[in-house]
Amino acid sequence: ASDVYKRQEAAINYGADELYCGFSMEKREDDEFSELDRQACHVGRKELEKICNLANKRGCPVYLTFNTFYSEEQIPLVFSHIKRAEELGVDGFILSDLGLISLLKNEGIRGKIIISILGTTFNSRTIKFYKEMGAKRIILASHLTIPEIIHITHLSKEIEIEVMILNYGCFYEDGFCTFLHHSSISPDSLRSSLMLKGRKKAMTL
C-alpha cells in the first residue's frame with residue numbers, strides 16, 4: 001500500500017469520521033487523483049477505489065474536492081471525472097464553481113454537494129442560495145467571527161454548517177486569493193491602507 005493509502009487508513013483508525021481527497025487538473029498519463037496536502041501526493045484511480053472501499057466498510061464517507069474555478073473547456077473534463085469518481089465509491093464533492101454546481105444538480109449526480117470555503121459564504125442568504133442549488137453542507141468563509149458564525153448558523157436550518165479554525169489573518173485568502181502574489185505591494189500595508197480609507201469615508205458620511 002502507498003503512503004497516501006496508509007495515511008487515510010491511519011486517519012480512520014484514529015477516529016476520523018470522514019475523509020477528503022483532491023483532484024489534480026494537471027495532465028497525467030492515467031488521469032490521476034491526488035491528495036490535497038503540502039506534498040501533493042498523487043492517487044491513481046485504483047488507489048482511490050481502494051480508499052473508498054476501506055472507508056465505506058468502516059462507515060466513513062469520502063469526499064472529493066473540485067474546489068477551484070474552471071474554464072469553459074475544463075468543465076466537461078471535470079464533470080467526466082466526477083461521474084467516474086462516483087462510480088468508484090466517492091460519497092460527495094466539495095465545490096466552489098457555480099457552473100459546476102449547477103451542472104451536478106441538473107445532471108442528477110447523487111453525491112453530496114458541499115460548498116467549499118472558496119465559495120465565500122458570509123451570510124444566511126448565500127447559504128439559502130447554495131441550498132437551492134442542491135448543497136447539503138456549507139463551509140463558511142474563514143473571515144467570520146465566532147458571534148457571526150453563531151448568528152448565521154441560527155438562521156440557517158436543515159443544512160450542515162462547517163467552519164475551519166485556521167485563519168492566517170490575510171483578507172485575500174480563500175475565495176479572494178491570487179490577488180497579490182505577483183505584486184510588490186505588501187498585503188498587510190494594502191489592508192491597512194484600505195481600512196484607513198474606509199474609516200475616512202465613513203467619517204464623511
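A residue is called buried when its relative accessible area is under 20%, exposed when that area is over 50%, and partly exposed in between, using a 1.4 Å probe and protein chains only. Serine 156, at 9% relative accessibility, therefore counts as buried.

The structure here is a predicted model, in which local features need pLDDT of at least 70 and side-chain atom pairs count only at pLDDT 80 or more, while totals for chains, interfaces and linings use all residues. Residues are numbered from 1 along each chain as its sequence is written, and side-chain values use heavy atoms, with hydrogens and water left out.

The protein chain contains seven helices and eight strands. These are DSSP runs numbered from the N terminus: helices are H or I with at least four residues, and strands are E with at least two. Of the 205 residues in the chain, 39% are buried. A contact means heavy atoms within 4.5 Å. Among contacts with a separation of 6 or more, 58% join residues 24 or more positions apart.

Serine 156 sits in the loop between helix 6 (146–155) and strand 8 (160–162). Its side chain reaches the backbone oxygen of isoleucine 152 at 2.8 Å. Leaving aside residues up to four places away in sequence, serine 156 touches Ser124, Ile127 and Ile161. Glutamate 158 lies in the loop between helix 6 and strand 8, but glutamate 158 counts as exposed, at 75% relative accessibility. Its phi is near 60°, a positive value in a residue other than glycine. Most residues other than glycine have a negative phi. Threonine 120, in the loop between strand 6 and helix 5, also has a positive phi, near 50°. Threonine 120 is partly exposed, with a relative accessible area of 24%.

Helix 4 covers residues 98–106, and its buried residues are Leu100, Ile101 and Leu104. Seen down the helix axis, these fall within an arc of 100°, so they line one face of helix 4; the arc is that of the directions from the axis to the C-beta atoms. An α-helix has 3.6 residues a turn, so residues three or four places apart point the same way. The buried residues of helix 4 pack against strand 4 (62–66), helix 3 (74–88), strand 5 (92–95), strand 6 (112–115) and helix 5 (124–132). At the N-terminal end, aspartate 97 caps helix 4, with a side-chain oxygen 2.8 Å from the backbone nitrogen of glycine 99. Just after the helix, glycine 108 takes a positive phi of about 70°.

Leu100 and Leu104 are also among the residues with the most contacts inside the largest nonpolar core, which has 40 residues. A nonpolar core is a set of buried Ala, Val, Leu, Ile, Met, Phe, Trp, Tyr and Cys residues joined through side-chain atoms within 4.5 Å. Helix 3 gives the most to this core, with six residues. A second, separate core of five residues includes Tyr63, Ile114, Ile117 and Ile139.

The structure holds zero disulfides, a disulfide being a pair of cysteine sulfur atoms within 2.5 Å. The sulfur of cysteine 21 is closest to that of cysteine 52, but at 7.0 Å the pair is too far apart for a bond. Cysteine 21 is buried, with a relative accessible area of 2%, and cysteine 60 is buried with a relative accessible area of 2%.

Technical notes:
A polar contact is a pair of N or O atoms within 3.5 Å; within protein, one must be able to donate a hydrogen and the other to accept it, and residues adjacent in sequence count only if both atoms are side-chain atoms.
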